[in-house]
Amino acid sequence: MNIHDFLYYIILPILSVSSLLVFVRFFKGPSIIDRVVALDLLITIGIGIIAIYSILSDTPTFLDISLVLALIAFLGSVAFAYYLEKRNKNE
């Protein structure tokens, strides 16, 4: 078993199942904080899937795309934390 088989037959199914579980948490989440954390985790899983596809297809350009997506997700998390901090100060 080489690395391509390991990624294709083990890691991708694990990421697929985890994304389905996170979708359930995203739709079922009782608060906005749960939904934002689930969305951040979905983006992280998507970055992993893009990275695996980049390795399997031998296209390093997709790694740049996943890096940009990670930066956007980080900025979104920081913006949400800033929003929560301002909301708590106003109350």
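Predicted model: local features only at pLDDT ≥ 70, side-chain atom pairs only at ≥ 80, totals over all residues.

Residues are numbered from 1 along each chain as its sequence is written, and side-chain values use heavy atoms, with hydrogens and water left out.

**Aromatic rings**

- The structure holds five aromatic pairs, where rings of Phe, Tyr and Trp (its six-membered ring) pair if their centres lie within 6.5 Å, and planes under 30 degrees apart count as stacked, over 60 as edge-to-face and the rest as tilted.
- Y53 and F62 form an edge-to-face pair, with 5.3 Å from centre to centre and 65 degrees between the planes.
- Y53 is partly exposed at 48% relative accessibility, and F62 is also partly exposed, at 28% (buried means under 20% relative accessible area, exposed over 50%, partly exposed in between, with a 1.4 Å probe and protein chains only).
- The pair of F80 and Y83 is tilted, because the ring centres are 6.2 Å apart and the planes stand at 35 degrees.
- F80 counts as buried at 15% relative accessibility, whereas Y83 is partly exposed at 46%.
- F23, F26 and F27 form one aromatic cluster.

**Helix α3**

- S66 lies in helix α3, which spans residues 61-90 (helices are DSSP runs of H or I with at least four residues, numbered from the N terminus).
- F80 and Y83 both lie in helix α3 as well, three residues apart, about one turn of the helix.
- S66 is buried, with a relative accessible area of 7%, and, leaving aside its neighbours within four places in sequence, S66 is in contact (heavy atoms within 4.5 Å) with I47 and I50.

Methods
Helix = DSSP H or I, 4+ residues; strand = E, 2+ residues; numbered from the N terminus.
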